[in-house]
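This report concerns a single protein chain. The sequence and the model are shown first, and the description follows.

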Amino acid sequence: MTESEEDRIRMRAYEIWQAMGCPEGRELDTWLLAQIEIAAQDAYGLEAGDIRAMQQTVVANAAAAPGAMPSADPDPAPPTLRQLKATVAD
């Protein structure tokens, strides 16, 4: 990871953390979410709003899947890049 990539991820993670209400103990979650967003932007040319919509779709689909257990966490871990890619129509 280059220094500029790390800076982009750090800035985006901070934005996400602020948007979440500055929760304690969510550093890894916000870092991973930012990393996924930056990777999707770079790999697929997606805008942040599109990525968030895709993430919401992944989370909703996982919750609606047969046999899915309801999550006690109101803010589940971010979806992976593979899950995001699966929501893009070919």
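The sections below cover confidence, the helices, the nonpolar core, one threonine and an aromatic pair.

## Basis and confidence

The model is predicted; local features need pLDDT of at least 70 and side-chain atom pairs count only at pLDDT 80 or more, while totals for chains, interfaces and linings use all residues. Residues are numbered from 1 along each chain as its sequence is written, and side-chain values use heavy atoms, with hydrogens and water left out.

The predictor's confidence in each residue, pLDDT, runs from 0 to 100. For the protein chain the mean pLDDT is 78, with 71% of residues at 70 or more. Among its elements, α1 has the highest mean (91) and helix α4 (residues 81-86) the lowest (68). Where pLDDT is low, the predicted coordinates should not be read in detail.

## Helix α2

Helices (H or I, at least four residues) are DSSP runs, numbered from the N terminus. Helix α2 covers residues 27-44, 18 residues in total. Just after α2, Gly 45 adopts a positive phi of about 65 degrees.

Buried denotes under 20% relative accessible area, exposed over 50% and partly exposed in between (1.4 Å probe, protein chains only). The buried residues of α2 include Leu 33, Ala 34, Ile 36, Glu 37 and Ile 38.

## Nonpolar core

A nonpolar core is a set of buried Ala, Val, Leu, Ile, Met, Phe, Trp, Tyr and Cys residues joined through side-chain atoms within 4.5 Å. The largest one has six residues: Ile 9, Ala 13, Ile 16, Leu 33, Ala 34 and Ile 38. Helices α1 and α2 each contribute at least two residues to this core.

Contact means heavy atoms within 4.5 Å. Leaving aside residues up to four places away in sequence, Ile 38 touches Arg 8, Ile 9 and Arg 12.

## Thr 30

Thr 30, in helix α2, is buried at 4% relative accessible area. Its side chain reaches the backbone oxygen of Glu 27 at 3.0 Å. Beyond four places in sequence, Thr 30 touches Ala 13, Ile 16, Trp 17 and Met 20.

## Aromatic pair

Rings of Phe, Tyr and Trp (its six-membered ring) pair if their centres lie within 6.5 Å; planes under 30 degrees apart count as stacked, over 60 as edge-to-face and the rest as tilted. The ring centres of Tyr 14 and Trp 17 are 5.7 Å apart and their planes stand at 35 degrees, so the pair is tilted.

Tyr 14 and Trp 17 are three residues apart in helix α1 (residues 3-19), about one helical turn. Tyr 14 is partly exposed at 46% relative accessibility, and Trp 17 is partly exposed at 26%.

Definitions and conventions: Expected span 1.5 Å × (residues − 1). Polar contact = N/O pair within 3.5 Å; in protein donor to acceptor, adjacent residues only side chain to side chain.
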